[in-house]
Amino acid sequence: MIMRWFGFFLAFTSMWVLAQAKVETQAFGWFLGCSSALCWMFIANTDKDLPRFLMETMYFILAALAVYNWL
């Protein structure tokens with residue numbers, strides 16, 4: 001249960017950082033998004049929820065690409 005709240009906190013913080021629209025914090029915001037997606041991937045895998053796992057994997061890959069692009 002605590003892992004779900006941690007994943008939510010990371011996702012919320014990521015969106016808050018990205019919504020500030022400051023160029024110098026974009027890579028950090030996307031890194032938080034990657035971290036959140038990893039948490040939710042772990043949870044989905046534990047729950048044996050394949051569609052959610054695949055969705056979070058897609059988010060993780062795209063967020064990792066965004067980190068790379070901003071660096």
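Biologist: Why is Phe-8 called partly exposed in this model?

Modeller: The model is predicted, and in it Phe-8 has a relative accessibility of 45%.

Biologist: What makes Trp-5 exposed?

Modeller: The relative accessible area of Trp-5 is 54%. Exposed requires over 50%, so Trp-5 is put in that class.

Biologist: How do you know that the rings of Trp-5 and Phe-8 form a pair, and why is the pair called edge-to-face?

Modeller: By the ring rule there are 2 aromatic pairs. The ring centres of Trp-5 and Phe-8 lie 6.0 Å apart, and pairing asks for centres within 6.5 Å. Their planes meet at 90°, while edge-to-face needs over 60 degrees. The pair is therefore edge-to-face.

Biologist: Why are Trp-5 and Phe-8 said to be separated by about one helical turn?

Modeller: Both belong to helix H1 (residues 2-19), where they are 3 residues apart, so about one helical turn separates them. Ring pairs also bring in Phe-12, and Trp-5, Phe-8 and Phe-12 are linked into a cluster.

Biologist: Why is Gln-26 called buried?

Modeller: Gln-26 has a relative accessibility of 10%. The limit for buried is under 20%, so Gln-26 counts as buried.

Biologist: Which residues is Gln-26 in contact with, leaving aside neighbours within four places in sequence?

Modeller: Gln-26, which sits in helix H2 (residues 26-46), is in contact with Val-17, Leu-18, Ala-21 and Trp-70. Contact here requires heavy atoms within 4.5 Å.

Biologist: What makes the radius of gyration of the protein agree with that of a compact globule?

Modeller: For 71 residues the globule rule gives a value near 11 Å, and the protein has 12 Å, which agrees. The C-alpha trace spans about 40 × 20 × 15 Å along its principal axes. Of the 71 residues, 35% are buried.

Biologist: What elements does the protein have, and how do they run from the N terminus?

Modeller: There are 3 helices and 0 strands, and the order is α-α-α. Of the contacts between residues at least 6 apart in sequence, 53% join residues at least 24 apart.

Biologist: How many positive and negative side chains are there, and what is the accessible surface?

Modeller: The protein carries 4 positive and 4 negative side chains, with the centres of the two sets 4 Å apart. The accessible surface is about 5100 Å², and carbon and sulfur atoms account for 77% of that area.

Technical notes: Residues numbered from 1 in each chain as written. Predicted model: local features only at pLDDT ≥ 70, side-chain atom pairs only at ≥ 80, totals over all residues. Heavy atoms only, no water. Helix = DSSP H or I, 4+ residues; strand = E, 2+ residues; numbered from the N terminus. Rg over C-alpha atoms; globule rule 2.2 N^0.38 Å. Buried < 20%, exposed > 50% of the residue type's maximum accessible area, 1.4 Å probe, protein only. Areas by Shrake-Rupley, 256 points an atom, 1.4 Å probe, with all protein chains shown as cover. Lys, Arg positive; Asp, Glu negative; His and termini not counted. Charge placed at Lys NZ, Arg CZ, Asp CG, Glu CD. Phe/Tyr/Trp six-rings, centres within 6.5 Å; stacked < 30°, edge-to-face > 60°.
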